[in-house]
Amino acid sequence: MAKKLITLTVNGEKHEVAVEDRDLLIHVLREKLRLTGAHIGCETTHCGACTVDIDGKSIKSCTRFAVQHDGASITTIEGMAHPDGALHALQEAFRQEHGLQCGFCTPGMIMRAHRLLQENPNPTEEEVRYGIAGNLCRCTGYQNIVKAILVAAEKLRQPEAAE
Amino acid sequence: MLAAGGEDARPIAGGHSLIPMMKLRMAAPTTLIDIASLDELAGIAVGPAQIVIGAATTQHDMISSEDLFAACPIIRETAEMIADPQVRYCGTLGGNVGNGDPGNDMPALMQCLGAIYVCESASGSREVSARDFYQAAYFTALQPGEMITSVCIPRPAQGHGYAYCKLKRKIGDYATAAAAVTLELVGGSVRDASIALTNVADTPLLAAEAAQQLIGAPLSEATITAAVARAEAITAPSADGRGSAEYRTKMAGVMVRRAIALAQSRAGEAQPKPAMPSSSSGAAAGSAPTQTNDDGGKGKGGFFGWLKS
Ligand SMILES: Cc1cc2nc3c(=O)[nH]c(=O)nc-3n(C[C@H](O)[C@H](O)[C@H](O)COP(=O)(O)OP(=O)(O)OC[C@H]3O[C@@H](n4cnc5c(N)ncnc54)[C@H](O)[C@@H]3O)c2cc1C
Ligand code: FES
Ligand code: FES
């Protein structure tokens with residue numbers, strides 16, 4: 001099948017990549033760009049492990065064709081830490097609050113939590129739970145994930161933490 | 001393009017119903033036309049008499065619009081019960097109502113509200129009522145080469161009561177049964193009511209007889225019970241993982257009862273119904289408040305023209 005050249009800006013870096021019409025975005029990210037942080041859990045739009053941030057929206061990248069995002073600006077978990085390697089407040093809070101066990105859901109959780117906190121910097125616990133309803137975790141029981149997001153939210157609200 | 005692609009060409013909007021169906025090999029379109037990137041298809045225009053929503057407007061955008069919430073709050077209530085945040089960023093109104101899946105929540109809501117779908121093809125434009133649009137699961141009034149460009153909703157009377165009640169097994173699930181209800185109370189008596197049901201038949205169901213039980217009298221246990229019985233009587237659910245047919249019929253009744261109670265609790269004194277534009281052909285453009293009439297006499301704003309301003 002004919003390939004099409006598309007441009008994706010991922011974590012600030014511009015890539016030209018040849019894709020087939022039918023290539024799902026998650027496959028392009030993982031296999032062509034070798035960014036394996038976003039995971040494939042279900043491939044049926046249920047688990048959220050493949051969540052990435054595209055032009056200010058949390059998107060399940062297993063349910064979008066790459067060609068739908070020609071020209072888009074994408075952030076994946078690999079783009080969350082600061083350039084000097086220091087972890088993002090969300091990553092730090094997940095570590096500190098035991099927001100992960102096996103870690104499979106974590107990249108999707110953090111990318112979704114990132115967008116949630118952009119839209120609502122001071123969410124209630126209930127708003128966090130509703131806001132991450134599209135992300136499944138088989139290990140933690142969610143308690144510590146919710147706690148981690150609330151801790152990170154508080155940290156990010158302090159002016160010196162703003163990046 | 002849609003016309004050139006023939007029967008196997010389809011629009012793709014959010015792709016969040018179509019791509020899952022393609023993965024399941026339930027759909028195998030040969031040509032997909034991405035309409036999500038057509039800015040002129042997205043937007044919400046709240047006018048004095050009607051609300052016009054572009055087909056590519058996402059559920060997220062409908063939830064975020066304060067104007068829309070002020071004029072017709074049941075749309076936000078319903079959209080918030082669809083799927084999960086990620087899906088709502090992608091899923092569009094046009095995709096939700098055009099899909100023809102009885103599990104989708106917007107079709108019954110649009111029937112309840114008396115919405116009109118503006119359908120366009122290379123050969124022109126026509127208006128189809130949401131109440132006439134659905135024929136069977138995945139079969140709708142859309143012809144090959146035709147797509148929905150906007151949805152026009154008569155603006156509900158100020159002070160109306162409303163509720164969308166949805167029973168689901170877990171957050172993000174399609175409905176076991178759901179009911180949309182709007183009510184207009186004047187001096188304690190029901191001036192008008194509308195009820196529609198999601199996912200308890202092959203198509204969404206307008207429960208017109210059920211609503212009729214409520215009209216012309218104050219709400220009472222007797223009128224509500226009669227309405228619930230009429231609503232249950234028109235259901236024809238299939239048995240699936242969500243429960244037996246009998247259970248889902250009963251749950252449709254429970255959702256109707258809850259939605260009536262919630263709508264009643266939210267209803268104020270209903271104001272007169274906003275006057276509709278004189279001819280229905282004004283529907284696509286008539287009252288969009290920001291519309292500029294640069295297309296002169298064409299009236300409809302031309303191809304998608306109503307939202308360009
Ligand atoms: C995990 C999950 C849970 C979900 N839960 C719910 C739920 O609880 N309730 C609910 O209502 N929905 C639910 N959905 C469906 C979701 O809301 C869909 O995104 C929506 O129904 C379709 O919108 P779309 O823009 O993604 O359409 P697409 O997938 O792009 O298109 C769907 C169909 O409609 C056609 N179409 C698209 N746009 C138009 C148009 N303008 N005119 C004519 N035809 C058009 C397409 O050709 C296709 O056949 C869920 C989806 C997922 C993945
Ligand atoms: S892999 Fe995309 S939602 Fe599970
Ligand atoms: S930590 Fe294992 S799935 Fe969430």
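The largest nonpolar core in this predicted model has 41 residues. Those with the most contacts inside the core are B:Ile75, B:Met106, B:Met110 and B:Tyr117. Helix α7 of chain B, residues 106-113, gives the largest share of this core, six residues. Where does the core sit relative to the domains of chain B? It lies between domain 1 (38-155 + 274-300) and domain 2 (161-266), because both give residues to it. As background, nonpolar side chains in soluble globular proteins tend to be buried together.

Now the ligand. Ligand 1 lies between chains A and B. How many residues surround ligand 1? There are 33, and the closest are B:Pro11, B:Gly14, B:Leu18, B:Thr92 and B:Asp105. By type, the shell divides into 14 nonpolar, 15 polar and four charged residues.

On the chain B side, four elements each supply at least two residues of that shell: strands β1 (9-12) and β9 (147-154), and helices α5 (85-90) and α6 (93-98). Both domains take part here too: domain 1 and domain 2 of chain B each contribute at least three residues to the shell around ligand 1.

Next, the polar contacts, which involve oxygen atoms of the ligand. A polar backbone atom of B:Gly15 is 2.8 Å from an oxygen of ligand 1. For B:Ser17, a backbone N or O atom lies 2.9 Å from a ligand oxygen. With B:Asn104 the side chain is involved: one of its polar atoms is 3.1 Å from an oxygen atom of ligand 1. As for cover, ligand 1 on its own has 960 Å² of accessible area, and the protein covers 97% of that.

Methods:
Residues are numbered from 1 along each chain as its sequence is written. Chains are lettered from A and ligands numbered from 1 in the order in which they are written. This is a predicted model: local features need pLDDT of at least 70, side-chain atom pairs count only at pLDDT 80 or more; totals for chains, interfaces and linings use all residues. Side-chain values use heavy atoms; hydrogens and water are left out. A residue is near a molecule or strand if one of its heavy atoms lies within 4 Å of it. A polar contact is a pair of N or O atoms within 3.5 Å; within protein, one must be able to donate a hydrogen and the other to accept it, and residues adjacent in sequence count only if both atoms are side-chain atoms. Accessible areas come from the Shrake-Rupley method with a 1.4 Å probe; for residues, only the protein chains shown count as cover. Ala, Val, Leu, Ile, Met, Phe, Trp, Tyr, Cys and Pro count as nonpolar, Asp, Glu, Lys and Arg as charged, and the others, Gly among them, as polar. Domain bounds come from an automatic or database domain assignment. A nonpolar core is a set of buried Ala, Val, Leu, Ile, Met, Phe, Trp, Tyr and Cys residues joined through side-chain atoms within 4.5 Å. Buried means under 20% relative accessible area, exposed over 50%, partly exposed in between (1.4 Å probe, protein chains only).
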